[in-house]
Amino acid sequence: MDSTFEIGLGNNDIKTRSDASQDSIKFWEGQAAKLYWFEKWHTALEWSPPFARWFVGGKINASYNALDVIVKKSPNKKAIIWEGEDGTKRELTYQELLSEVSKLANALKSLGVKKGDRVTVYLPMVPELIMSLLACARIGAIHTVIFSGFSAKSIRDRVEDSKSKVIITSDGGTRRGNVISLKDIVDEAISDLDFVEHVLVLEHTKNNIIITKRDKKWHELVASMSSTCDAESLDSTHPLYILYTSGTTGKPKGVLHGTGGYLTHVFSTFKWIFDIQDSDIYFCTADIGWVTGHSYIVYGPLMHGTTQIMYEGALDYPTPAKLWEIISRYKVTILYTTPTALRMFMKFGDELPNSNDLSSLRLLGTVGEPINPQVWKWYFKIIGKEKCPIIDTWWQTETGGALISPVPGLETIPLKPGSATRPVPGVTLSVIDEHGKEVPPDSKGFLVVTNPWPGMLLTLWGDDEKYKTVYWSKYKNMYYPGDYAIKDKDGYIWMLGRADDVLKVAGHRLGTAELESAFVSNKAVAEAAVCGIPHEVKGESIISFVVLKEGVVPTIQLKEELINHIKKTIGPIAAPDQLCFVKKLPKTRSGKIMRRLLKAMAKNELIGDISTLEDEASVDEIKTALDELQQTLDKL
């Protein structure tokens, strides 16, 4: 596959992995015992495939574990260091965070919010977003966060499905120097939804908004509340949150997570993966609107008493060096970001990171998509200066926490650029064929999870049948995440992208991640995206969109060179039929490439809602590139 890197931070606790493999349920019980429980469980797992109930009979509270437990030990430790795009800064200790969360919890109770009620949160990346989740958890309300880049229609769909009684929002959020009026978007979304009783509005950007009868101002209501609020003793299986998947086709799915099992998984994996120390300054660049933010900004780090950086805005604004400046300024020790962001920074060259002091970094993580080996090596050499392990994690909204990752908090193993290594302890994975039979090492197949794990979703909100159909119908009693992968002879997993992103060209199955990594391995290429469109002879025809590095000029010769590079790297079958040079790829604000749009544009279909795009101009550019390509083909 590629060269290995013998680096790691672990204490070689091989016993943990062997214990987990011998009896995973007993193993997870041992992990759960590290949390604070009001009452211990009587049954570790009730497994009625495909429904799992973990630590049944146990009583617990997520907010209590994330705040009260830490405050008893380290009340004055910094919990959040927040910075805005314009350089504005705020800091909160654990004691201050607990006080603010308690006030907000009391405010929600004053608005009639009870255990089991849903509260929608539509806020920018400010500390009040974390407070909102913890305040809901404290009183047993189910939080449902909507990413602050979503449109009014997206909000309406989610609020209607969850039947939220209260919405927490802000007058606005800041992005690339512009104010996005979140309150106006909420007003449009819920104009005729009578079941929404109250909208709690945070003043953040001070832009003009309309205040209606059901609106309450945060600074008036919350400030008047008591700063103490007892945490509810909740069943381990009590729902903690609903998080809607992106829903690129059809209605978005409301992934429902419980409390005790989820917290156990997140608490354990955060410790194992990041080898977290009391002195660490942790920076995860995700938005809390996505599951990474829930698990590894809110619950995981806070349960460990971590000090973390929280940033509102684009990582390359107002300067492409912004991320590196933040790391240097706050002496960040752990960075957790996306391969998409790294490819963007690679495009800007090595000078920007090299001109900032990144010596505080000790561990580097990636999440969200498979990382190209070339990007992995750049991250390792240029950002980590060849001394930081690269923790490549694979997981989903549905899995709650990481399922595949190096675990430097437990063991030192060789790292292979582009592989997320092996399953975390207590999780068993297989790579199988269409018929459910395990494929030989180094063969492509479908990834499946063969045993229940604590972080797994309870179900889809209000739709048990869809839950069964989407995740459990392809293979009996195996969780099918919809990903294509290879397991090599050492048991390392290589993710090849979504199974529905797998191209079938003349009978050959090619993963989009595999093709895109091949493009990025060329020194001229910063980013690439591929998609397939129907082809009469081959089944699918490959179209590629390529972003070149700064200073590289697009030419016909370079196009031919790249096509030959793909032929040489993967094989002639992978050579794209069409190759377009573009300056940007269409990405969501969470950094994921919208291949659905590329495919729709290539097929000249309607592209639908693009309100979640980071930059809509990229769509126009790709349309132009396709038109120019078509004109060239017409002349041939």
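**Salt bridge and sheet**

Author: Glutamate 527 pairs with arginine 343 in a salt bridge, with the closest N and O atoms 3.6 Å apart. Keep in mind that this is a predicted model.

Reader: Which parts of the chain does the pair link?

Author: Distant ones: glutamate 527 sits in strand β28 and arginine 343 in helix α12 (residues 339-347), 184 residues apart.

Reader: How many salt bridges does the count come to?

Author: The count is 30 salt bridges.

Reader: Back to β28. What order do the strands take in its open sheet?

Author: The order is β28-β29-β30, three strands with mixed pairing. β28 (525-535) and β30 (578-581) are the edge strands, each pairing on one side only. From one strand to the next, the twist averages 20°.

Reader: How many bridges join β28 to β29?

Author: Ten, and the two strands run antiparallel. β29 covers residues 539-548.

Reader: Switching topic: helix packing. At what angle do the axes of α6 and α7 cross?

Author: Roughly 55°, and the axes come within 8 Å. α6 is therefore oblique to α7. Helix α6 spans residues 152-162 and helix α7 residues 182-190.

Reader: Left-handed or right-handed crossing?

Author: α6 passes α7 in a right-handed crossing.

Reader: Which residues meet there?

Author: From α6, Ala152, Ile155, Arg156 and Val159. From α7, Ile185, Glu188, Ala189 and Ile190. By class, the residues of this α6 contact with α7 are six nonpolar, two charged and no polar.

Reader: Last topic, β1 and β2. What joins them?

Author: A hairpin, through two residues. Strand β1 (residues 43-48) and strand β2 (residues 51-56) run antiparallel, joined by five bridges.

Reader: And what is the bridge partner of glutamate 46 in β2?

Author: Arginine 53 is the partner of glutamate 46.

Notes: Residues numbered from 1 in each chain as written. Predicted model: local features only at pLDDT ≥ 70, side-chain atom pairs only at ≥ 80, totals over all residues. Heavy atoms only, no water. Axes fitted to C-alpha atoms, helices over the stretch in contact; angles between N-to-C directions. Helix = DSSP H or I, 4+ residues; strand = E, 2+ residues; numbered from the N terminus. Parallel < 35°, antiparallel > 145°, perpendicular 65-115°, else oblique. Left-handed = near helix turned anticlockwise from the far one by under 90°. Contact = heavy atoms within 4.5 Å. Nonpolar A, V, L, I, M, F, W, Y, C, P; charged D, E, K, R; others polar. Pairing = 2+ DSSP bridges. Salt bridge = Lys/Arg side-chain N within 4 Å of Asp/Glu carboxyl O.
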